Amino acid sequence: MKNVLLVSALCVTLAGGLAAQQPAGQTAAPAVSTLKVGDVAPDFSLPGTDGKTHKLSSYKGKTVVVAWYPAAFTGGCTAECRSIRDASDTISKYDVAYFMASVDTPEKNADFAKQEQVNFPMLSDPGRTTAAAYGVLGSPTGVARRWTFFIGPDGKITHVETVGHTTDAGPWLATKLAELNVKKK
């Protein structure tokens, strides 16, 4: 019985003891990004759920937002996806390309995007190369941390958010674009 209680306590701690203490719509950030404001963002070339390959270098002159998330079809990721989808009218008023990204396969992300009727590309990095370059891989799980990177038109990072937003992700993203003085269309 002691072993069962110990395992149960460990599971509660690992599965969300810290996240439960966060404000509504946010999850705990386990670490700090090694990328800082002013750093050149690592280039990437990742398949999107829109059938295109998205390269950061193709968006030169435009603000880019990459919101990393742990795994498709999970509670927090679904809430984040829906929140960004529902705020797309506000977000799209800015001259911005915005994405959610995970280490899920393109097929899994395509199924997730279809289920959630997303109106923006979701990127897949199953090889974890880009996730590693951005420093978002969590140990020991190997999934991405819920971190968001804002990349300016010059390719340099303008903000790194390591507090994971879920239910408030869309409105928060729009507010952050305004705070960063991202130009409107």
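This is a predicted model: local features need pLDDT of at least 70, side-chain atom pairs count only at pLDDT 80 or more; totals for chains, interfaces and linings use all residues.

User: What is the strand order in the open sheet of five strands?

Analyst: The order is β6-β5-β4-β7-β8, and the pairing is mixed. From one strand to the next, the twist averages 20°.

User: Which strands stand at the edges?

Analyst: The edge positions are taken by β6 (122–124) and β8 (157–161). Each has a single partner strand, so one side of each is left without a neighbour in the sheet.

User: In what sense do β4 and β7 pair, parallel or antiparallel?

Analyst: Strand β4, residues 63–68, pairs with strand β7, residues 148–151, in the antiparallel sense over four bridges. Within this pair, Thr148 of β7 stands opposite Ala67.

User: How many residues lie between β7 and β8 in the hairpin?

Analyst: There are five residues between them, and Gly155 in the turn has a positive phi of about 85°.

User: β8 is an edge strand. How many of its residues are buried?

Analyst: Four of its five residues are buried, so β8 is mostly covered, although β8 has a single partner strand.

User: Turning to the helices, which strands does α2 touch?

Analyst: Helix α2 (residues 75–86) packs on the sheet and touches β4, β5 (96–102) and β6. The direction of α2 makes about 165° with that of β5.

User: Where does α4 lie?

Analyst: Helix α4, residues 106–116, lies across β5 and β6, and runs at about 165° to β6.

User: Which residues of α4 are buried?

Analyst: Asn109, Phe112, Ala113 and Glu116 are buried in α4. They cover an arc of only 100° around the axis, which puts them on the same side of the helix.

User: What do the buried residues of α4 pack against?

Analyst: They pack against α2, β5 and β6.

User: Which exposed residues does the face turned away from the buried side carry?

Analyst: That face of α4 carries Glu107 and Lys114, both exposed.

User: Lastly, which residue follows α4, and what is its phi?

Analyst: Gln117 follows α4, with a positive phi near 50°.

How values were computed
Residues are numbered from 1 along each chain as its sequence is written. Side-chain values use heavy atoms; hydrogens and water are left out. Two strands pair if DSSP finds at least two bridges between them. Helices (H or I, at least four residues) and strands (E, at least two) are DSSP runs, numbered from the N terminus. Axes are lines fitted to C-alpha atoms, for helices over the stretch in contact, and angles run from 0 to 180 degrees between N-to-C directions. Contact means heavy atoms within 4.5 Å. Buried means under 20% relative accessible area, exposed over 50%, partly exposed in between (1.4 Å probe, protein chains only). The arc is that of the directions from the helix axis to the C-beta atoms.
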